[in-house]
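Subject: Structure for your review

Dear colleague,

Please find below the sequence and structure that I am handing over to you. A summary of what was found follows directly after them.

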Amino acid sequence: MSSSAEFVASSPILVTGGCGFIGANFVLDWMRHETSPLVNLDALTYAGNPENLAALADEPRYTFVHGDITDSELLRELFARHRPRAVVHFAAESHVDRSIHGPDAFLRTNIDGTFRLLQAAREHYASLEGEVRAAFRFLHVSTDEVYGTLEPEDAAFSETTPYAPNSPYAASKASSDLLVRAWHHTYALPTLITNCSNNYGQYQFPEKLIPLTIANALAGKPLPVYGDGQQVRDWLFVEDHCTAIRRVLSSGRLGETYNIGGNNQRANLDVVKTICSLLDELRPGAKPYAEQIRFVEDRPGHDRRYAIDATKIERELGWQPAHTFPTGLRATVEWYLANAAWIENVMSGEYLHWIERNYAGREVKA
Ligand code: NAD
Ligand code: DAU
């Protein structure tokens, strides 16, 4: 084995938020495709579920650390003990509706947490030399929501679109992106930023549109559609996102941002109706599931349309999504149908409390 292959095989990457939706998919994807060990730091908030990674219980390359990214002392110890060759930073508060009800946690984790992680990474980077130093990367996973909202005829978001975040969540992610940018420019930390569109797939918490619709449909509950349901999102299958992140980590240019999207712009109402049709086929009920659709009061400050121009990552790194929306959505619905126990487990007391808080006050329009 060459010395650089040995280095890659023996030096771990540090993932934050690996028990969440995208993080868990990424950890599993990493174990399938890469040789390096992986250390997963996760605070196990309501959104973090170690069960997602139960398959790795006997995997010697996998280490789980229960802890918070705002804990600088813990971060320092982690970097000193594991000497990671890279950081892939997913940990965040991620739900827009929750950020409207309670922005504090978003500012704490997404801004202060990212700041502390950057500082710890910087200290670690300063201790590295030679090839190990040259190989180090800090990859920050962010969102298309930092760019604000688009009109129907507007061009898709590119990496040069000015930031215009509209929700507390988006503002906190935009702030974290700017911190990462500054740590690259001022301290020469070798950073990469990815801004991606709406993910969907296995292990997504049923507070987000697609898993909420599937779970509510199966439970015979209303399927809440905000406003007129004509808001557009650019849906990206989570496996494609994981592939893109690995590509950016291995080959992205330092200090650069890469937009990642699915080329799948859909109106919310169409997404909900498509899920209903899939369920009618795969788990037929007494009546069509679409009869459960209810239009409810809109989300305050709701962004009308997101769309990603992913030509940069395609041109520079040769990445393109491998899944279409019809195949990805069918696989997702099938996964939720086959994993009813997973949904049941995550719909705990905290979840029910959230559903009450978010939906109870929304007037149903006939
Ligand atoms: P998620 O809410 O499902 O998971 C977040 C994870 O972070 C959880 O495991 C949680 O326990 C952990 N976490 C939260 N606060 C923490 C803290 N202070 N310290 C350590 N761990 C903490 O989120 P997701 O949907 O998987 O999103 C992952 C990342 O991708 C986020 O940064 C999000 O902004 C970004 N993103 C998500 C999407 C999407 O569609 N889900 C799209 C674009 C970008
Ligand atoms: O665009 C990327 C972002 O996508 C990520 O940065 C966020 O972390 C992620 O949560 C997601 O944000 P959205 O707000 O777009 O996702 P959500 O699933 O909450 O909503 C998708 C669309 O569906 C949005 O227009 C709001 C609408 N919606 C959502 C819910 C939960 C409904 O109509 N009804 C609902 O009950």
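A nonpolar core is here a set of buried Ala, Val, Leu, Ile, Met, Phe, Trp, Tyr and Cys residues that are joined through side-chain atoms within 4.5 Å. Please note that the model is a predicted one.

Nonpolar cores

The largest nonpolar core has 70 residues, and those with the most contacts inside it are Phe-26, Val-88, Ile-210 and Ile-313. Helix H2, which covers residues 21–33, supplies the largest share of this core with eight residues. Leaving aside residues up to four places away in sequence, Ile-210 touches Tyr-200, Trp-235, Val-271, Ile-275, Phe-325, Leu-329 and Thr-332. Another core lies apart from the largest one; it has 24 residues, among them Ala-91, Leu-117, Ala-120 and Leu-179.

Packing of two helices

Two packed helices are described by the angle between their axes and the distance between the axes. For helix H3 (residues 72–82) and helix H5 (residues 104–126), the angle is about 35 degrees and the axes are 9 Å apart. The crossing of H3 and H5 is right-handed. On the side of H3, the contact is made by Ser-72, Leu-75, Arg-76 and Phe-79, and on the side of H5 by Arg-116, Leu-117, Ala-120, Ala-121, Glu-123 and His-124. By type, the residues of this contact comprise five nonpolar, two polar and three charged.

Aromatic pairs

The structure holds 20 aromatic pairs. In one of them, the rings of Tyr-203 and Trp-335 have their centres 4.9 Å apart and their planes at 65 degrees; since planes over 60 degrees apart count as edge-to-face, the pair is edge-to-face. Tyr-203 lies in the loop between strand S7 (199–200) and helix H8 (209–218), whereas Trp-335 belongs to helix H12 (residues 325–338), so the pair ties together parts that are 132 residues apart in sequence. Both Tyr-203 and Trp-335 are buried.

The rings of Tyr-226 and Tyr-359 have their centres 6.3 Å apart, with their planes at 40 degrees, and the pair is therefore tilted. Tyr-226 is found in strand S8 (residues 223–226) and Tyr-359 in helix H14 (residues 349–359), so this pair ties together parts that are 133 residues apart in sequence. Tyr-226 is buried, as is Tyr-359.

Finally, Tyr-147, Phe-157, Tyr-163 and Tyr-306 are linked into a cluster by ring pairs.

Yours sincerely

How values were computed
Residues numbered from 1 in each chain as written. Chains lettered and ligands numbered in written order. Predicted model: local features only at pLDDT ≥ 70, side-chain atom pairs only at ≥ 80, totals over all residues. Heavy atoms only, no water. Buried < 20%, exposed > 50% of the residue type's maximum accessible area, 1.4 Å probe, protein only. Helix = DSSP H or I, 4+ residues; strand = E, 2+ residues; numbered from the N terminus. Contact = heavy atoms within 4.5 Å. Axes fitted to C-alpha atoms, helices over the stretch in contact; angles between N-to-C directions. Left-handed = near helix turned anticlockwise from the far one by under 90°. Nonpolar A, V, L, I, M, F, W, Y, C, P; charged D, E, K, R; others polar. Phe/Tyr/Trp six-rings, centres within 6.5 Å; stacked < 30°, edge-to-face > 60°.
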